[in-house]
Amino acid sequence: MNRLRLYAIFCAVVFMCAAVITLLVWAEVPIVGNPWPGVFWFALLACLGELLAVNLQEGAGVSVTPTSPILWSATCVLGPLPAILISAIVGVFSMLAKFICYKCTRVLDAHSSYFGVSVYKNGSHGLITELSSMIQGYGAQWQERPLGVTIQYIAAYVANMVVAVGPAGLVYHYLGGRFLIDPGPGFHVLTSFVLPFFGLVAASGIVDLGVWVLHALVVNPVPGAKGVYGLLLTMKLALIEVGLPIVRPQLFMLVVAIALSYLYIHIHVLGFIIAATPVLALRDFFNQWVAEREAYVNTITTLATYMQHYHPYTRGHLKRVADLAERLAREMQLPAESVRYISTAAFLHDIGKIGVSEEILDKTAKLTDEEWEKIKEHPVKGAEIISHLEFLDSIVDWIKYHHKWHNGGGYPATNGVDIEIPIEAAIIAAVDAFDAMTDDRELAIKWECDSCGYQPGDNSRPPMCPKCGAEKRRLYREPKTLDQAVDELRRGAGSQFHPKVIKAFLAMLDRDGVHFSV
Amino acid sequence: MFNYQITAGVWLFIVIALTISILSLYVSRWYLPMKMKGAYLKSITALAAAVETKDSGTVGHAQRVAQVTVAVAKKLGMTGHDLERIEYAALLMDIGKANVPQAILNKKDPLTPEELEIVRSHSKLGAEMVAAVPFLADIDKYILHHHEYWDGTGYPAGLKGEAIPLASRILAIAADYDAMISERPYHHAWNPADAIEEIRENIGNKYDAKVGSIFLEMLSHGS
């Protein structure tokens, strides 16, 4: 079935669910007291909170907002129907804000010379930079879509928020929860508030996860996996990759929601300020942490990459290997941490060569055994260097085994011990070999026999010197065409290369070609 | 319509909120930067050490020079951020040697003029590498000029006197002393007393008098 049509059906289903739930809540749960001033204040708070989204995962579009604790709190203070109204207001506001920020970013981009590029993009301090980066970040969540799809998207988003609130409110009501603005006689904190509230949070979590899994099934099913197996695989990945990161902060949100409810009942809107302070502080901490980490990894990776820059062609090679490795890791659905760090590892995979003399590295004649031993030391040396850096610990092994063959050949020698080669090392190995085969950097070096000084005079690149018979290194020969390189990879699958990696790699090359985003 | 009741529970929440906020601010503004600084130092030391394995005889050179440099800079009244920068510069001053062929670095015989040129290019190469990293871009001057001498006989620019950044003047004296007292392919390790004498003789021509006197004073105290 067509992806767009499937998405339309998904939107319609969510929207219908939202409508049914709203009607059900209307019929089942009476409105108590006068919730309308509360609706205003909670909606205002939730709209402000929506602007403070924290990105959990780079690129995955998963963000945590303080919206859910506010909505939970609104449910148990004001009742489910007011809470549904608030969620709809917040949903519309969020969409509108994203759209406006997106437009603002476009305008700022177009007139960046007028606003001053230094203030707008490069500055690291000041309110204006802070503000503009917020606008950019928020605007980046909006995608240019056809009008029809945009309407579906907005409807689904708003309906999604309603769906997350409605059933939870019903659960709260059926478990005997009272609405705190007018709890009525016989109110008992434990049975009329705390226990039903846990039910509410659990219900909200389950509904959230359900919608996420459904969304993943419709929007990004695992490529290549079909039928029931594909469905199950997609569900599993959606739960692990996206579901768990969403559920984990819920414990914290639970505390925030209880604080909000209690404080609103006792000191009205002032309570929001008290509850918001620690949330803002924690958000600042989280942002700071992500930024520091990012700066650290970038600094050390760049520095280390420059250190291997012994050859004018090395940098291009490293960039291509990093790019292909990251794409392949994504293609193979490796864990998010692996995807994030594999390009770092690819940039640094040959750093151990810094201890190998240039005479050996640049030698064009076949290497002696002794020289080979020197070259073979580089993965272990590189792993040693990497082990002192504060990256992901497992990167050390990715680098140590990037010349280890799938069948146990290659190096470093493991003295007969059967080691498990990390799949990331196998990816780097395959991509590195592929780029070395197709790279035409060798063509820029003039072919000249370093034993007798013979020059062929034409552009031929013989594997053996026609004059003195000295054998040349494989690297010094003519680069292969794409087809030849692919053949070589296929031949090596199972012996030199990991068969799964080659399968995914060839599928990816077949589908996307060898473009580089450098 | 609405009564404000400041109950014990409200106070409890206020105390909890303040505690979380202060803790979180403490972690993000003080503990985290300190931890990251440790990570940077450790990683930069490791990368410098990796380059040193190429240049036999210099293992530990950068780290020793960094220690001395920081001590001298402290005596000269540098604090905080400046001190941190000078430590990074000391660790990274020879990183440009990553792009100098090993055969030249470890040559026992006197270098030819071309080879000397290549070895001397390491300050420029190092400065370029560091300038490419935003986090370290501000120390490229220190690295570029760490082989300049007070009287203008150094390289690459032949700067004189105060025109050389203070950090580079400290680096020059600390690096020279450490090179003298360690074993190199082209010379045997000097006796520390002779090295001190050599430095003393060159204060005022090769080395800045102020930096030099503090350096010697520190050595005589045995630190």
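Of the 518 residues in chain A, 46% are buried. The model described here is a predicted one. The secondary structure of chain A consists of 21 helices and 2 strands. Among the contacts in chain A with a separation of 6 or more, 71% are made by residues 24 or more positions apart.

Chain B has 223 residues, of which 47% count as buried. Its secondary structure comprises 10 helices and 0 strands, so that, read from the N terminus, the order of elements is α-α-α-α-α-α-α-α-α-α. For chain B, residues 24 or more positions apart supply 60% of the contacts with a separation of 6 or more.

The packing of helices can be followed in one example from chain A. Two packed helices are described by the angle between their axes and the distance between the axes. Helix H2 (residues 36–50) of chain A and helix H3 (residues 67–78) of chain A have axes that come within 9 Å and cross at roughly 170°. Because angles over 145 degrees count as roughly antiparallel, H2(A) is roughly antiparallel to H3(A). On the H2(A) side, the contact involves A:Gly38, A:Val39, A:Phe42, A:Leu45, A:Ala46 and A:Glu50. On the H3(A) side, the partners are A:Thr67, A:Ile70, A:Ser73, A:Ala74, A:Val77 and A:Leu78. Sorted by class, this contact of H2(A) with H3(A) has 8 nonpolar, 3 polar and 1 charged residues.

A pair of aromatic rings is described by the distance of the centres and the angle of the planes. Over all chains, the count of aromatic pairs is 20. In the pair of A:Phe42 and A:Phe272, the ring centres are 5.1 Å apart and the planes stand at 70°; the pair is therefore edge-to-face, since planes over 60 degrees apart are classed in that way. The pair joins distant parts of the chain: A:Phe42 belongs to helix H2 (residues 36–50) of chain A and A:Phe272 to helix H12 (residues 270–307) of chain A, 230 residues apart. A:Phe42 has a relative accessible area of 0% and is buried. A:Phe272 is buried as well, with a relative accessible area of 6%, because the cut-off for buried is under 20%.

A second pair in chain A has another geometry. The ring centres of A:Tyr172 and A:Phe179 are 5.8 Å apart and their planes lie at 35°, so this pair is tilted. Both A:Tyr172 and A:Phe179 are buried.

Aromatic residues of the two chains also come together. A:Tyr296, A:Tyr341, A:Phe391, B:Tyr40, B:Tyr88 and B:Phe135 form one aromatic cluster. Within chain B, the charged end of B:Arg85 sits over the ring of B:Phe135, at 5.1 Å from the ring centre. Chain A has an arrangement of this kind too: the charged end of A:Arg145 sits over the ring of A:Tyr153, at 4.0 Å from its centre.

Is A:Phe99 buried or partly exposed? With a relative accessible area of 35%, A:Phe99 is partly exposed, because this value falls between the cut-offs of 20% and 50%. The C-alpha atoms of A:Phe99 and A:Gly139 are separated by 6.5 Å, although the two residues are 40 residues apart along the chain.

Terms used. Residues are numbered from 1 along each chain as its sequence is written. Chains are lettered from A and ligands numbered from 1 in the order in which they are written. This is a predicted model: local features need pLDDT of at least 70, side-chain atom pairs count only at pLDDT 80 or more; totals for chains, interfaces and linings use all residues. Side-chain values use heavy atoms; hydrogens and water are left out. Rings of Phe, Tyr and Trp (its six-membered ring) pair if their centres lie within 6.5 Å; planes under 30 degrees apart count as stacked, over 60 as edge-to-face and the rest as tilted. Helices (H or I, at least four residues) and strands (E, at least two) are DSSP runs, numbered from the N terminus. Buried means under 20% relative accessible area, exposed over 50%, partly exposed in between (1.4 Å probe, protein chains only). A charge sits over a ring if NZ of Lys or CZ of Arg is within 6 Å of the ring centre and within 35 degrees of the ring normal. Axes are lines fitted to C-alpha atoms, for helices over the stretch in contact, and angles run from 0 to 180 degrees between N-to-C directions. Angles under 35 degrees count as roughly parallel, over 145 as roughly antiparallel, 65 to 115 as roughly perpendicular and the rest as oblique. Contact means heavy atoms within 4.5 Å. Ala, Val, Leu, Ile, Met, Phe, Trp, Tyr, Cys and Pro count as nonpolar, Asp, Glu, Lys and Arg as charged, and the others, Gly among them, as polar.
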